[in-house]
Amino acid sequence: GFRHYTVVDCEFNSSKLNDIEYTQSYYYNKLEYVRFSSSVGKYVGYTEYGIKNAERWNNGPEVIARRGEKERYCFHNVGIDVEADLTKS
């Protein structure tokens, strides 16, 4: 069978929102074909199929919804992770 999956990631090494990068990557059979990165602010395609999807999504409401995910998803979780780490040390 074929596999299609999405990976969401927040990379941070401080609690400052500007230092956090939110990425959402789309894979098909272990090959990443398109990614949204908060540092770029839009979707980027890596295959022919991914490029077509990135162009369509960048011109639609999808890109606007993704831009808010850094604040909603990452910033919320960095606060939880930092608090948990501080209580263990």
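This is a predicted model: local features need pLDDT of at least 70, side-chain atom pairs count only at pLDDT 80 or more; totals for chains, interfaces and linings use all residues.

**Whole chain.** Colour the protein by secondary structure. There are three helices and four strands, and along the sequence they follow the pattern β-β-β-β-α-α-α. The protein has 89 residues, of which 30% count as buried. Among contacts with a separation of 6 or more, 31% are between residues 24 or more positions apart.

**The sheet.** Select the four strands. They form an open sheet in the order S1-S2-S3-S4, with antiparallel pairing. Strand S1 (4–11) and strand S4 (42–45) are the edge strands, each pairing on one side only. On average, neighbouring strands of this sheet are turned by 20° against each other, direction ignored.

For one partner across the two strands, pick Thr-23: its bridge partner in S3 is Ser-37.

Show the side chains of H1 and return to the opening question. Glu-48, Lys-52 and Arg-56 are the exposed residues on the other side of H1. The buried ones are Gly-50, Asn-53, Ala-54 and Trp-57. These four lie on the same side of H1, because they cover an arc of only 105° around the axis. An α-helix has 3.6 residues a turn, so residues three or four places apart point the same way.

What do the buried residues of H1 pack against? Turn the view to that side of the helix: they pack against S2, S3, S4 and helix H2 (61–67).

**The disulfide.** Select Cys-10 and Cys-74. The structure holds one disulfide, and it is formed by these two residues, with their sulfur atoms 2.0 Å apart. The angle about the S-S bond is -80°, and the link of Cys-10 and Cys-74 is left-handed. Cys-10 lies in strand S1 and Cys-74 in helix H3 (residues 69–88), so the pair ties together parts that are 64 residues apart in sequence.

Are the two cysteines, Cys-10 and Cys-74, buried or exposed? Cys-10 has a relative accessible area of 17% and is buried. Cys-74 is buried as well, with a relative accessible area of 0%.

**Aromatic rings.** Show the aromatic side chains. How many aromatic pairs does a search of the whole structure find? The search finds nine.

Begin with Tyr-5 and Tyr-27. Their rings form a stacked pair, 5.0 Å centre to centre and with 10° between the planes. Tyr-5 is in strand S1 and Tyr-27 in strand S2, so this pair ties together parts that are 22 residues apart in sequence. Tyr-5 counts as partly exposed, at 30% relative accessibility, while Tyr-27 counts as buried, at 18%.

Move on to Tyr-22 and Tyr-73. This aromatic pair is edge-to-face, with 6.4 Å centre to centre and 75° between the planes. Tyr-22 lies in strand S2 and Tyr-73 in helix H3, so the pair ties together parts that are 51 residues apart in sequence. Tyr-22 counts as buried, at 2% relative accessibility. Tyr-73 has a relative accessible area of 31% and is partly exposed.

Ring pairs join Tyr-22, Tyr-26, Tyr-33, Phe-36, Tyr-43, Tyr-49, Trp-57 and Tyr-73 into a cluster.

**The loop between H2 and H3.** The last stop is Gly-68, which sits in the loop between H2 and H3. Gly-68 counts as partly exposed, at 32% relative accessibility. Keep Tyr-22 on display for a distance check. The C-alpha atoms of Gly-68 and Tyr-22 are separated by 9.9 Å, with the two residues 46 apart along the chain.

Key
Residues are numbered from 1 along each chain as its sequence is written. Side-chain values use heavy atoms; hydrogens and water are left out. Two strands pair if DSSP finds at least two bridges between them. Axes are lines fitted to C-alpha atoms, for helices over the stretch in contact, and angles run from 0 to 180 degrees between N-to-C directions. A disulfide is a pair of cysteine sulfur atoms within 2.5 Å. Buried means under 20% relative accessible area, exposed over 50%, partly exposed in between (1.4 Å probe, protein chains only). The arc is that of the directions from the helix axis to the C-beta atoms. Contact means heavy atoms within 4.5 Å. Rings of Phe, Tyr and Trp (its six-membered ring) pair if their centres lie within 6.5 Å; planes under 30 degrees apart count as stacked, over 60 as edge-to-face and the rest as tilted.
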